[in-house]
Amino acid sequence: MRNFILKIHLYGGLLCSPYLIIFGLSSLQFNHHFVQPNDDEVTWTHPLRLDPTIEKRNVGNAVRDSLGLIGWGPWWNVEQDETETRVEVVRPGKKYQIHIKDGLAEIEETRLGYLTIVNSLHALTRVPNAPFMSVWGIYTEICTWVVLFSAGSGVYLWTARKSERHVG
């Protein structure tokens with residue numbers, strides 16, 4: 001039984017080490033802001049007609065889906081008036097400012113840099129329209145349970161070995 005627990009402890013740690021490294025780097029970046037994000041911008045247009053019956057709460061997601069983007073369309077970043085609709089869609093590493101007027105959407109895409117993606121992976125479980133990010137959420141959950149198991153099994157493995165009990 002001890003060998004089985006030891007193998008799970010060791011191989012589980014190897015499985016989760018990339019996640020723990022990303023978690024540590026993103027924690028440092030959150031607290032110390034070593035690298036500021038880029039502000040590379042690309043602008044493009046796409047024909048787009050909005051359904052006027054859509055509630056303000058769903059406009060961002062409807063625009064995101066009709067443009068084929070991934071990310072969130074927060075309802076609080078939607079501004080509508082008689083002539084124009086402005087929507088923001090955000091995702092790890094990119095931000096889209098979308099201005100819809102006369103059936104044409106002008107999209108200003110801002111690339112925020114790779115470190116913002118690492119920061120987003122810190123506690124991310126899923127991103128709308130992005131199947132890989134659901135896999136990341138599952139990996140996060142597995143790593144959480146493996147780390148908890150490893151903490152308990154590490155104490156067990158240390159106390160179960162009589163010859164090393166007094167070393168620590």
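This is a predicted model: local features need pLDDT of at least 70, side-chain atom pairs count only at pLDDT 80 or more; totals for chains, interfaces and linings use all residues.
1. Sheet order. The model holds an open sheet of five strands, paired in the antiparallel sense and ordered S1-S5-S4-S3-S2. Strand S1 (40-47) and strand S2 (79-80) are the edge strands; each has a single partner strand, so one side of each lacks a neighbour in the sheet.

2. Pairing of S1 with S5. These two strands run antiparallel and are joined by eight bridges. Within the sheet, Pro-47 lies opposite Leu-104 in S5.

3. Pairing of S4 with S5. Strand S4 (residues 94-101) and strand S5 (residues 104-111) are likewise antiparallel, with eight bridges between them. Gln-97 is placed opposite Glu-108 in S5, and His-99 is placed opposite Glu-106 in S5. The hairpin of S4 and S5 has two residues between the strands, and Asp-102 there adopts a positive phi near 55 degrees.

4. Placement of H2. Helix H2 (residues 56-67) lies across S1, S2, strand S3 (85-91), S4 and S5, and runs at about 70 degrees to S3. Just after the helix, Gly-68 has a positive phi of about 75 degrees.

5. Length of H2. The helix has twelve residues, which at 1.5 Å a residue should span 16 Å; the C-alpha atoms at its ends are 17 Å apart, in agreement with that expectation.

6. Buried side of H2. Which residues of H2 are buried? They are Val-59, Gly-60, Val-63, Arg-64 and Leu-67. Because these residues cover an arc of only 125 degrees around the axis, they are on the same side of H2. The elements covering the buried residues of H2 include S1, S2, S3, S4 and S5. It may be noted that the list of buried residues includes Arg-64.

7. Aromatic pairs. The count of aromatic pairs is five.

8. Aromatic cluster. Tyr-19, Phe-23, Trp-136 and Tyr-139 are linked into a cluster by ring pairs.

Technical notes:
Residues are numbered from 1 along each chain as its sequence is written. Side-chain values use heavy atoms; hydrogens and water are left out. Two strands pair if DSSP finds at least two bridges between them. Helices (H or I, at least four residues) and strands (E, at least two) are DSSP runs, numbered from the N terminus. Contact means heavy atoms within 4.5 Å. Axes are lines fitted to C-alpha atoms, for helices over the stretch in contact, and angles run from 0 to 180 degrees between N-to-C directions. Rings of Phe, Tyr and Trp (its six-membered ring) pair if their centres lie within 6.5 Å; planes under 30 degrees apart count as stacked, over 60 as edge-to-face and the rest as tilted. The expected span of a helix is 1.5 Å times one less than its number of residues. Buried means under 20% relative accessible area, exposed over 50%, partly exposed in between (1.4 Å probe, protein chains only). The arc is that of the directions from the helix axis to the C-beta atoms.
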